[in-house]
Each structure stands twice: as structure tokens, then as C-alpha cells.
Amino acid sequence: MTTDLATSDPATATHAAPPPLAEPSGWHEIRLTVNGAPVTAQVESRLLLSDFLRDRLRLTGTHVGCEHGVCGACTVLVDGEPARSCLTLAVQCAGAELRTVEGLAPGDAPLTPVQRAFHECHGMQCGFCTPGFVMTATALTEQPQRPDAADVADALSGHLCRCTGYRNIRRAVCQALDERFADGPAGRGE
Amino acid sequence: MRRPERPGGSRLKPTPFDYSAPGSVGEVLALLADEEREAKVLAGGQSLIPMLSMRLARPGLLVDITRVPGLDRLYADASGALHIGAAVRQSRAADDPVVRDGWPLLAAAIRRIGHPQIRHRGTVCGSLAHHDPAAELPAAALALDARFVIAGPGGTRTVGAADFFVATFQTAVAPDELLTEVVLPPRAGDGWAFEELARRHGDFATVGVAVTLRRAPDRRTVAAARAVFCGAGPVPVRLPAVEEALTGTDAGAAALDAAASAALAGLMPADDVHATAAYRREAAAHLLVRACTLAWERCS
């Protein structure tokens, strides 16, 4: 981990959104939350979020494919919504809550229903595109109401998989949605 | 096109720039007024950031407007007009019940933009100010008689949709100005449809059309028609001959044929790598018929 990256101590573990970064500069200090942990970092204005996650935070689960917003491999959740991290500047995420594939089942935690479904349905071949698909699918399962088939297709269309025919990926997402919404819209009682 | 520079061999990276996220429109304008910096407005960045990464754009300063209080407002005013602030994300607008009920054409056009992952970041006003001629929102804005509120050094002015789109990637917004909101007048009861031909789901339209139709009090004839094409020229194309061919008719087969003929005669799209002009024209005429049929069924 780079020396200018400091994870906050407990005293600052909950921080308010920083004020506007009004002063024009090629570098900014940003504070944000990544997978639940507060992070403070000095970033160059031009640093893409994908590179910030991979090169600075060493969260290399987020994969970088096309680097111009076409393939969806680098999709992460920004304030709960899937977004291309290669089409986002790190500095734009000051104050944001980010989630990456590493945050789904950290350490020895059991796989999430989405991860388990991708495993059980074999929703992958080489796995390069999988972290992006999993993050988009995770957001689908967190919606208040079950997304319909068209919503699922629309969401998955934001990702390219060059190995599979997408069938197992769609099966995996449907399985995860079945599990999540088994008891109706408030299935997990959340 | 020149092959983009790729420093480090294989990776796409923007050239260095300064970034600022000011807290007021006044501060935004002050930064945009600094000619030496070559400032550019950043909202969602879904068009701008790839251009930065490919080094097709090399601004000296990005002014992020998403932290300006008030620019994220989305509301219907007392007159029933819809106001969409410059920082309102596309997915939020498309999902808003006020938009879905009152301006379903806008919601439908937004849902044809890219993918949810793009629409969560991209803004309505950003797409309008960027003005890709194949984009959906400029055509929808012209079909819906949008007004554009532009703040600049001399104060605030309002521009109608007919004057807003100037040329490919060019609008009435000057480099030292900011599009602060788009205003859509109420269109309750109009039938609507947005139809497009795209090579893949989520791609820009090869060609597309936004249609609105209003029924006359007798409920049998078309009182007003609007048809605006995207991907058919450097700006959204509105053809009076198409609208005249529909107005006063029963929107039946003969009227739709006449409208399609008017589109074939009036559209002058360009050839490009995706489609020939002749193919675009033919496809546009078919899409027009489909859109008019849908719009007529949706009239209340």
C-alpha cells in the first residue's frame, strides 16, 4: 500500500461528506468509504477510479478490460449503484461509498447468494468479466422489488463476456433473484 | 482518425488536468471564464471521460458541477412544467414517477441510452449539452419543446430547442456558459413513442425517431403531430412535411404512408461506417410508421 494512503483511525471512522473540492488543483485529498472502511488518499485529478482501486488500494478484483466504458468488467457500486470505474475519476468519488467484489464476502465470510449462484450455475468461463457481472447482479438483488426479465437483460447488456453465451450468467442472476425474492418483495426482511 | 496515444504501451490515460468541484454556479462561471485554463464542464462524465482517456480532449481544468447545491433538482413547477437540473442523473429522471407519468417519451428515450451502469452516472443535461447527433435525448428534447436555461457572464438566458442544437457536438452553450437546467412544458395526454435502430442493445442509434401525437376533441383525427429524427443529420431533424402529412388525418394506413414518403423525401442522412444514407432513410421511414402507430394508441 502506498505511503500517502492512510486508513483512518477509529476516531475518524465515520466522516461526513467532505466539502466541495473548490480549489482547482492537479491533486486532491479525498475521503471515501471502500467496502465499509474509511479511506483517505491523495489522488491526481486525472486518476481513474479503476486505477485508484487496483493500483493504489490493491483491490485487483476489479478488472480493467477496454478502459473506455464498453466492456463493463470494471463495474463497481458507487453509492449502491453499478457504475463503470473506468468512466469515473477517483476525485469524483470524494464522500462516496464504494463497493467492490472484495467487499462481498471478505475473509472467511460465506459467499453471497449472487457469488454462490455464479459458482453453482457456472456463470463464467475464464472469469475475467465476472467481478463486473457480480457487482451488477448484486445491485439487482438489492432493489426493493424484483427486477423483471427485461430489467435483468438491460442490466446484463452492460457487460461483455467473450467466452460464454451468457445463458449460465443469466441463470445465475435468476437463481440469486429467486433466492432473494422468495418470500415476496421484502424476502429477507430488510 | 489518428490512433490514440497510449502512454505505457497499452493503457488509456488522460493527460494531466486540474479539477475543481465548486459550490455555486457563480464559482463555476468564474472558472469557465478563465480562458487560459481551457476549462470544461464535468457532470456525469460518461462521454467526456472516454474522450479524455483517448486524449481526444485535453482540457486544462475540469469543473465538476455535481456538488453545486440546487443543480440536482427535478420537479414540476406550478404551471406543470418539468425542470431537470444540470446534475440530475439519467436513471433518476427515468425512474421518477413525475417524469414517467407526465413525460413518458423522455423516460423511454433515457432507457435507450447505453446501459444502467452508464445512466446511473450520466446526466440528462450533460447528454443534451454534449449533443452527439446520434444520441436520443436531443431528439426527445426537440419533440418535447424543451427550453434550455443557460447561465453565463452576462446573466441567464433561455433558448428554445429549435435554436439550441447548432451542429455535431455544438450547442448554443458558449465555452464560458453553463446549461443549468432543461425545462419541458406539460404534454399530458399526448401519445408518444421513441423507436430506434441500433446495432446492439445500448448502442447509439443508427437512426431513430421521437413522435408525439395529439388527438382532436373528436378523438378521430390528429390535432398535432411532432416527429424528430436522431442519427439523420448533424442536429435532430424535424420535418414539417411529415407532421403536415399526419395532422388532420385519422392516422390510418394512407396517412402513415404519406408520412413515410415525406420522411424518405426529406431526410438527408450521411453515409458512415455503420450504414449508408439510403439504408438510414429507409429505416427511418419504417421506424416513423411504427412510432406513429404506437403513439396514436397511446393518446388519451
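Predicted model: local features only at pLDDT ≥ 70, side-chain atom pairs only at ≥ 80, totals over all residues.
Figure 1. Chain A contains five helices and six strands. Read from the N terminus, its elements follow the order β-β-β-α-β-β-β-α-α-α-α. Of the 190 residues in chain A, 49% are buried. Among the contacts in chain A with a separation of 6 or more, 59% are between residues 24 or more positions apart. Chain A has an accessible surface of about 8,700 Å², and carbon and sulfur atoms account for 52% of that surface.

**Figure 2. The interface between chain A and chain B.** On one side, 39 residues of chain A take part, and they are in contact with 40 residues of chain B. About 3,000 Å² is buried between chain A and chain B, with 53% of this area coming from carbon and sulfur atoms. Within chain A, the residues that lose the most area to chain B are R46(A), L87(A) and Q92(A), which together make up 22% of what that side buries.

**Figure 3. Polar contacts and contributing elements at the interface of chain A and chain B.** Between chain A and chain B there are 18 residue pairs in polar contact, counted with both residues at pLDDT 80 or more. Four elements of chain A give two or more residues to the side that touches chain B: α1 (49–56), β4 (75–78), β5 (81–84) and α4 (149–156). Of the elements of chain A, β5(A) gives the most to this side, namely four residues. Sorted by class, the side of chain A that touches chain B consists of 17 nonpolar, 13 polar and nine charged residues.

**Figure 4. Salt bridges between chain A and chain B.** Three salt bridges are counted between chain A and chain B. In one of them, K13(B) pairs with E67(A), and the closest N and O atoms are 2.6 Å apart. D154(A) and R119(B) also form a salt bridge, with 2.6 Å between the closest N and O atoms. Because D154(A) belongs to helix α4 of chain A and R119(B) to helix α6 (residues 116–119) of chain B, this pair joins two chains. D154(A) and R119(B) are both buried.

**Figure 5. Surroundings of H159(A).** H159(A) is located in the loop between α4 and α5 (167–180) of chain A. Its relative accessibility is 2%, so H159(A) counts as buried. The side chain of H159(A) makes a polar contact of 2.6 Å with the side chain of T136(A). Leaving aside residues up to four places away in sequence, H159(A) touches C71(A), G72(A), T75(A), G132(A), F133(A), T136(A) and Y166(A), together with Q117(B) from chain B.

**Figure 6. The salt bridge between R99(A) and E142(A).** The structure holds 20 salt bridges over all chains. One of the salt bridges is formed by R99(A) and E142(A), whose closest N and O atoms are 2.6 Å apart. R99(A) lies in strand β6 (residues 97–99) of chain A, whereas E142(A) lies in the loop between α3 (130–141) and α4, so the pair ties together parts that are 43 residues apart in sequence. With a relative accessibility of 22%, R99(A) counts as partly exposed. E142(A) is likewise partly exposed, at a relative accessible area of 37%.

**Figure 7. Salt bridges in chain B.** R100(B) and D95(B) meet through their side chains in a salt bridge, at 3.8 Å from N to O. R100(B) has a relative accessible area of 40% and is therefore partly exposed. A network of salt bridges with shared partners joins D145(B), R187(B), D190(B), R214(B) and R226(B). In general, side chains of opposite charge can pair when their charged atoms come close.

**Figure 8. Positive phi values at D145(B) and F169(B).** Most residues other than glycine have a negative phi. D145(B), although not a glycine, has a positive phi of about 55°. This residue, D145(B), sits in the loop between α8 (136–143) and β6 (147–152) of chain B. Its relative accessibility of 32% is the reason D145(B) counts as partly exposed. F169(B), also a residue other than glycine, has a positive phi near 60°. F169(B) is found in the loop between β8 (165–167) and β9 (170–171) of chain B. At a relative accessibility of 45%, F169(B) counts as partly exposed.

Technical notes. Residues numbered from 1 in each chain as written. Chains lettered and ligands numbered in written order. Heavy atoms only, no water. Contact = heavy atoms within 4.5 Å. Buried area = accessible area lost by both parts, 1.4 Å probe. Salt bridge = Lys/Arg side-chain N within 4 Å of Asp/Glu carboxyl O. Polar contact = N/O pair within 3.5 Å; in protein donor to acceptor, adjacent residues only side chain to side chain. Nonpolar A, V, L, I, M, F, W, Y, C, P; charged D, E, K, R; others polar. Buried < 20%, exposed > 50% of the residue type's maximum accessible area, 1.4 Å probe, protein only. Areas by Shrake-Rupley, 256 points an atom, 1.4 Å probe, with all protein chains shown as cover.
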